[in-house]
Amino acid sequence: DEFVVSAPGLERIKGGAGVTPADLRWQLDYQFKRLGIDKALEKAGVKAGDRIRCGELQWEWAPKEKKK
């Protein structure tokens, strides 16, 4: 499945000189949590391996382990 996230602020996040894929992923994870997008995707039924698209960026959903 593919889920499309429409969030103008997030769509401006792009990799650039000196930005590693890990840095970019950390920023997206942080913003998803801050804005509640991660919970909205889970409520919509996103599963591990589903594709997420936000602007020009695409990646595979890998849910974080919940702390007990």
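**Notebook: strands, helices and core**

I began with the strand pairing and found that β1 and strand β2 (residues 51–54) run parallel and are joined by 3 bridges; two strands pair if DSSP finds at least two bridges between them. Within this pairing, Phe3 stands opposite Ile52 in β2.

Before going on I noted that this is a predicted model, in which local features need pLDDT of at least 70 and side-chain atom pairs count only at pLDDT 80 or more, while totals for chains, interfaces and linings use all residues. Residues are numbered from 1 along each chain as its sequence is written, and side-chain values use heavy atoms, with hydrogens and water left out.

I then looked up the confidence, where pLDDT is the predictor's confidence in each residue, from 0 to 100. The protein averages a pLDDT of 84, and 87% of the residues score at least 70. Confidence is highest in strand β1 (residues 2–4), at a mean of 95, and lowest in helix α1 (residues 8–11), at 75.

Next I listed the elements, taking helices (H or I, at least four residues) and strands (E, at least two) as DSSP runs numbered from the N terminus. I found 3 helices and 3 strands, which follow the pattern β-α-α-α-β-β along the sequence.

Returning to the strands, I saw an open sheet of 3 strands in the order β1-β2-β3, with mixed pairing. Its edge strands are β1 and β3 (57–60), each of which pairs on one side only. Helix α2 (residues 21–35) lies across β2 and β3 and runs at about 85° to β3; axes are lines fitted to C-alpha atoms, for helices over the stretch in contact, and angles run from 0 to 180 degrees between N-to-C directions.

I turned last to the interior, where buried means under 20% relative accessible area, with a 1.4 Å probe and protein chains only. Buried residues make up 28% of the 68 residues in the protein. A nonpolar core is a set of buried Ala, Val, Leu, Ile, Met, Phe, Trp, Tyr and Cys residues joined through side-chain atoms within 4.5 Å. The largest such core has 16 residues, of which Val5, Leu10, Phe32, Ile37, Leu41, Ile52 and Trp59 touch the most other members. At least two residues of this core come from each of α2, α3 (37–43), β2 and β3, and α2 gives the largest share, 3 residues.

How values were computed. Contact = heavy atoms within 4.5 Å. Buried < 20%, exposed > 50% of the residue type's maximum accessible area, 1.4 Å probe, protein only.
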